[in-house]
Amino acid sequence: MAAISGSVGAAAVYPIDLVKTRMQNQKIINGQKLYKNSIDCFIKVVKGESFFGLYKGLGPQLIGVTPEKAVELTVNDLMRNWLLTDGNSHFIFELIAGCAAGGSQVIFTNPVEIIKIRLQIQGENIKNGLLKAGERQSGYEIFKELGLRRLYYGASACLLRDVPFSGMYFTGYARVKKLFINQESGIISSPGLLMAGALAGIPAAALVTPADVIKTRLQAKQNVNEIPYTGIRDCARRIW
């Protein structure tokens, strides 16, 4: 179920994820930003790279989402069963369980993210002359170039994003979905589950966006004329 739901979810929101990545890694060419806003980015991707340009890098995402979600959901359930022994809800224990789940998935998330991000921004780099067409890489070529150790570059920033996100999301979801329980049947409808997930996920995603921007900048391949970031603090300072 984790594989199916994770894959469907990843594919459904992937165009949004690609736009997010390009906005976060925004370049300035000839004194102008490449994109005015997210809608402008979406339109330029479709016009310049076709509709399928919105799905560049989807392959690694689909490969990684199965073990990622399986580990995250399993750890969250195990931690909740271990910490919440009396059957009652305790905010701090639920938060710890969610944070542990978020931290555990980074072993799969980080390699997938770094390959996915580099595939997502190749098109704009080639279009704007920052990368030659002959230098385009496949996901496997990026994997070989980086090697195992460098696949975990930016893992600290990934943890900075995923640990608090999962902590807030799982804690919020467990509590919000109770509001949608049918009092007569004790069952939550599918729209109710969807709404609970949205209400838990939106504020959590918003709060960790700064960490996500830093992670994207660290993991994106730097061009020859760009000064590499030395770490999270250096990246945050230069963005600020």
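Me: Is Ser-50 buried, partly exposed or exposed?
Reply: In this predicted model, Ser-50 sits in the loop that joins helix H2 (38–49) to H3. Buried would require under 20% relative accessible area, and exposed would require over 50%. The value for Ser-50 is 35%, so Ser-50 counts as partly exposed.

Me: What is the phi of Ser-50?
Reply: Most residues other than glycine have a negative phi. Ser-50 is not a glycine, yet its phi is positive, at about 75°.

Me: Where does Asn-30 lie, and is Asn-30 buried or exposed?
Reply: Asn-30 is another residue to look at for its backbone: though not a glycine, it has a positive phi of about 55°. You will find Asn-30 in the loop between strand S1 (28–29) and strand S2 (32–33). Its relative accessible area is 78%, and the cut-off for exposed is over 50%, so Asn-30 is exposed.

Me: How much space lies in the largest pocket, and which residues are the closest to its centre?
Reply: The space in the largest pocket comes to about 1900 Å³. Its lining is made of 46 residues. The closest to the centre are Val-13, Lys-69, Glu-72, Phe-165 and Tyr-169.

Me: Which helix gives the largest share of the lining of the largest pocket?
Reply: Several helices each supply at least two lining residues: helix H1 (2–24), helix H3 (58–83), helix H5 (106–127), helix H7 (155–176) and helix H8 (190–219). The largest share is 11 residues, and these come from H1.

Me: Which residues does Asp-17 contact, leaving aside its neighbours within four places in sequence?
Reply: Asp-17 is found in helix H1. Its relative accessible area is 15%, so Asp-17 is buried. Beyond those sequence neighbours, Asp-17 is in contact with Lys-116 and Gln-120.

Me: What span does helix H4 reach from its first C-alpha to its last?
Reply: Helix H4 covers residues 91–104, which gives 14 residues. At 1.5 Å a residue, the expected reach is 20 Å. The model comes close to that, with a reach of 20 Å.

Me: Why are the buried residues of H4 on the same side of the helix, and which helices do they pack against?
Reply: The buried residues of H4 are Glu-94, Ala-97, Gly-98, Ala-101 and Gly-102. Because they cover an arc of only 135° around the axis, they fall on the same side of H4. These buried residues pack against H3, H5 and H7.

Me: What covers the buried residues of H7?
Reply: H7 has 22 residues and reaches 30 Å from its first C-alpha to its last, close to the 32 Å expected at 1.5 Å a residue. Its buried residues include Ala-155, Arg-161, Asp-162, Phe-170 and Val-176. Among the elements that cover them are H3, H4, H5, H8 and helix H9 (232–239).

Me: Which residues does Leu-218 contact, leaving aside its neighbours within four places in sequence?
Reply: Leu-218 lies in helix H8. With a relative accessible area of 6%, Leu-218 is buried. Apart from those neighbours, its contacts are Tyr-153, Ala-157, Tyr-229, Gly-231, Ile-232 and Cys-235.

Me: Which residues does Gly-139 touch, not counting residues up to four places away in sequence?
Reply: Gly-139 is found in helix H6 (residues 139–150). Its relative accessible area is 19%, and buried means under 20%, so Gly-139 is buried. Past its sequence neighbours, Gly-139 touches Ile-115 and Leu-119.

Me: How many Å apart in space are Ala-220 and Leu-146, C-alpha to C-alpha?
Reply: Ala-220 has its place in the loop between H8 and H9, and it is buried, with a relative accessible area of 2%. Not counting residues up to four places away in sequence, Ala-220 touches Asn-25, Ile-117, Arg-118 and Ile-121. Ala-220 and Leu-146 are 74 residues apart in sequence, and their C-alpha atoms are 12 Å apart in space.

Key. Residues are numbered from 1 along each chain as its sequence is written. This is a predicted model: local features need pLDDT of at least 70, side-chain atom pairs count only at pLDDT 80 or more; totals for chains, interfaces and linings use all residues. Side-chain values use heavy atoms; hydrogens and water are left out. On a 1 Å grid over the protein atoms alone, a cavity is a set of points where a 1.4 Å probe fits but cannot get out, and a pocket is an open set with protein on both sides within 12 Å along at least five of seven lines; lining residues have an atom within 4 Å of a point. Grid points are joined across faces, edges and corners, and a volume is the space filled by probe spheres set on the points. Helices (H or I, at least four residues) and strands (E, at least two) are DSSP runs, numbered from the N terminus. The expected span of a helix is 1.5 Å times one less than its number of residues. Buried means under 20% relative accessible area, exposed over 50%, partly exposed in between (1.4 Å probe, protein chains only). The arc is that of the directions from the helix axis to the C-beta atoms. Contact means heavy atoms within 4.5 Å.
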